[in-house]
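This report describes a predicted model of a protein chain.

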Amino acid sequence: MPIIEPLLNENRIFHPSVRFAEDASISSMSVYHTLCQEAAQDSSGFWARLAREQLYWKKAFTKVLDESNAPFYKWFEDGITNVAYNCLDRHIENGHGDKTAIIFESDDGKIKRYSYHALYLRVCKVANGLRSMGIGKGDRVVIYMPVSVEAVIAMQACARIGAIHSVVFAGFSARSLYERIVDLEAVLIITADEQVRGGKSLSLKAIVDEALSMDRRQLACHVLVYQRTGAEINWHPTRDSWFHELEAKQVDICEPEWVGAEHPLFVLYTSGSTGKPKGVQHATAGYLLWSIVTMKWVFDIKANDIFWCTADIGWITGHSYGVYGPLAAGTTTFLFEGTPTYPDAGRFWDIIARHKISIFYTAPTVIRSLIKATNTDETIHPYRYDLSSLRLLGSVGEPINPEAWMWYYQQVGRERCPIVDTFWQTETGGHMIAPLPGATPLVPGSCTLPLPGIVAAIVDEFGHDLAAGQGGILVIKRPWPAMIRTLWGDPERFKQVYFPEELGGRFYLAGDGAICSKETGYFMITGRVDDLLNVSGHRMGTMEIESVLVAHPLVAEAAVVSRPDEITGEAIVAFVVLKRACPNGEEAQRLANTLREWVGKELSLIAKPKEIRFGDNLPKTRSGKIMRRLLRALARGEPITQDTSTLDNPTVLEQLKHAQ
Ligand code: WTA
């Protein structure tokens with residue numbers, strides 16, 4: 001019988017092998033149900049037990065959850081701890097100082113290894129260095145760096161002294177970086193001279209210089225530069241200093257700043273449905289707790305595992321499962337500077353074979369692009385590599401289509417490795433709906449069941465529960481420790497976006513649509529219900545891209561939608577009206593390229609539209625509202641079946657249909 005009845009029409013089901021289940025931390029569905037029951041019957045007791053078992057507390061907490069000012073929930077509030085201490089010192093004290101904490105491979109294949117003790121010494125020095133610059137508890141530090149050991153050290157050093165870091169993905173433009181620096185009133189930016197990916201280098205320092213040159217308010221911001229390539233860079237003697245020089249001057253003992261459990265650990269910006277990105281604020285203890293617990297439950301982490309999460313540190317996945325989760329759980333984590341296709345599309349399989357990676361966690365987009373590459377070049381087929389070290393595979397960032405799931409399962413995992421399809425978000429801090437690999441029967445395309453303690457449900461637009469089998473809006477009905485605390489500097493927006501009055505103001509609104517199986521309670525995510533796009537697992541707002549397009553001197557109006565894409569999941573299609581006559585032929589091509597480059601430069605390389613269509617106008621209602629549904633149908637090449645009677649300018653549809 002199909003598990004997800006009409007949803008996927010999917011009747012393949014994969015049970016964990018007896019061997020995998022025997023060794024797993026959660027070894028059967030009955031253990032899973034017992035945990036769910038424990039959480040349902042005594043939620044405070046459940047979370048308190050986990051927090052006591054998994055974290056080191058300098059001073060124990062006496063309160064578990066404070067709901068008095070909901071939705072501004074507080075967890076373990078009177079407890080005192082430090083994240084860096086939990087990630088480093090305690091492993092050394094437990095006799096694991098010599099264990100490898102990080103294996104790093106650069107774009108050009110150079111390898112560095114750090115034991116927990118070696119990493120600890122560098123973090124202490126850099127933390128002392130930051131203190132010597134006058135940085136301390138609560139100060140904001142922007143990290144604009146490539147994936148590197150130094151970026152991890154920067155994050156840990158901030159956590160050690162109670163500074164709040166904000167990692168900005170190094171593909172973001174100078175303007176995006178500037179907006180984040182201003183929003184945070186950051187006192188320091190840590191960057192690198194260059195970033196190297198796919199054999200190409202890019203000057204990050206030059207982008208930081210450009211970002212700071214936009215500042216008319218003369219923010220008192222210092223710049224610390226990690227020397228990655230030694231390339232020549234501009235130097236501002238009063239503002240800039242070298243990472244290695246600062247580190248070399250310090251002693252390697254650094255008393256942590258003991259902070260309250262609710263002290264902000266970091267702010268990570270993510271796209272919202274308006275143009276302005278949202279600074280998602282996470283708290284110290286709750287965030288760290290869930291990152292360890294999910295490492296243990298979902299990744300079933302063991303002492304000998306070598307864990308590789310391919311996400312960049314600039315995204316939440318890189319935070320929770322590239323840095324904080326693995327280190328807090330005492331795991332050996334692998335970090336890679338480069339791209340999946342350099343020097344060829346076998347790079348990831350080659351890395352797995354050489355480093356004996358046992359758990360591999362990546363995005364569906366990567367899998368799909370490697371499937372495509374394999375179809376044209378047999379020599380990089382995963383079968384050509386020794387992938388016998390793998391025991392578990394993971395997927396994150398977007399829905400994984402069943403074909404990609406099956407390929408991953410058969411060709412990469414050789415039908416031995418369970419796949420954990422993990423649904424979660426920047427705001428949730430860690431996994432929410434995901435299989436437990438020793439227990440949960442897997443169905444391709446479904447992220448399966450909510451984790452114990454996570455009360456997920458599907459409701460209609462008024463917050464009423466829907467019967468299983470009906471598609472609706474995904475909400476989380478009870479708070480959990482790793483949840484977003486607020487939006488940096490904008491508590492009102494936090495309430496409106498995540499706890500909207502329409503849903504009664506009590507449920508966390510994920511922003512995704514989902515459907516749940518009648519038979520099994522399995523979830524399938526059907527995609528965003530707001531104006532967000534998901535391109536290659538990267539979240540972007542249509543408004544963000546539109547506002548950058550209309551900021552171009554030639555553009556009068558722009559509307560951005562998406563269409564499905566074989567590789568990237570969704571692809572961006574922009575409809576543009578110029579201030580001059582609508583271009584055709586070669587001129588249209590040339591202008592489309594100009595605008596694409598503009599978006600790359602002004603916003604981010606990942607936000608460049610795949611297609612730009614020009615028209616004399618956009619389809620609008622008589623009240624002037626752009627009819628996006630029509631644009632979506634046009635972008636997808638679908639016939640227009642919607643009612644167009646409210647359209648003010650129907651002729652424009654024909655033009656946009658054919659425009660290229
Ligand atoms: C989508 C990334 C389906 C979803 C961790 C969510 C997924 C958004 C999955 C968050 C999954 C993430 N299946 N969709 N397994 N994982 N998503 O904040 O739309 O970058 O809301 O966090 O990605 O993206 P974010």
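Of the 660 residues in the protein chain, 62% are buried, where buried means under 20% relative accessible area, exposed means over 50%, and partly exposed lies in between (1.4 Å probe, protein chains only). Because the model is predicted, local features need pLDDT of at least 70 and side-chain atom pairs count only at pLDDT 80 or more, while totals for chains, interfaces and linings use all residues. Residues are numbered from 1 along each chain as its sequence is written, and side-chain values use heavy atoms, with hydrogens and water left out.

**Overall dimensions**

The protein chain holds 20 helices and 30 strands; these are DSSP runs numbered from the N terminus, with helices being H or I of at least four residues and strands E of at least two. Its radius of gyration is 25 Å, close to the 26 Å from the globule rule for 660 residues, so the chain is as compact as a globular protein of that length. The radius is taken over C-alpha atoms, and the globule rule is 2.2 Å times the number of residues to the power 0.38. The C-alpha trace spans about 75 × 70 × 60 Å along its principal axes.

Among contacts in the protein chain with a separation of 6 or more, 70% come from residues 24 or more positions apart; a contact means heavy atoms within 4.5 Å. The chain exposes about 25,300 Å², of which carbon and sulfur atoms supply 50%. Accessible areas come from the Shrake-Rupley method with a 1.4 Å probe, and for residues only the protein chains shown count as cover.

**Helix α12**

Helix α12 (residues 316-328) spans only 16 Å between its end C-alpha atoms, whereas a straight helix of 13 residues would span 18 Å at 1.5 Å a residue. The expected span is 1.5 Å times one less than the number of residues. In α12, 13 of 13 residues are buried. Gly330, which follows α12, has a positive phi near 75°.

**Salt bridges**

Side chains of opposite charge can pair when their charged atoms come close. A salt bridge is a side-chain nitrogen of Lys or Arg within 4 Å of a carboxyl oxygen of Asp or Glu, and the count by this rule is 42.

| Pair | Closest N to O distance |
|---|---|
| Glu602 and Arg175 | 3.6 Å |
| Lys657 and Glu654 | 3.3 Å |

Glu602 in helix α18 (residues 585-602) and Arg175 in helix α8 (residues 174-184) are 427 residues apart, so their pair links distant parts of the chain. Glu602 is buried at 19% relative accessible area, while Arg175 is partly exposed at 34%.

Asp465 lies in the loop between β21 (456-459) and β22 (472-476), and Lys477 in the loop between β22 and β23 (486-487), so this pair ties together parts that are 12 residues apart in sequence. Asp465 is exposed at 51% and Lys477 partly exposed at 22%.

Lys657 and Glu654 both lie in helix α20 (residues 651-658), 3 residues apart, about one turn of the helix. Lys657 is partly exposed at 40%, as is Glu654 at 42%.

A network of salt bridges links Glu105, Arg347, Asp350 and Arg354.

**Surroundings of Thr284**

Thr284 lies in helix α11 (residues 284-297) and is buried at 2% relative accessibility. Not counting residues up to four places away in sequence, Thr284 touches Thr81, Val83, Val259, Gly260, Ala261, His263, Pro264 and Leu265.
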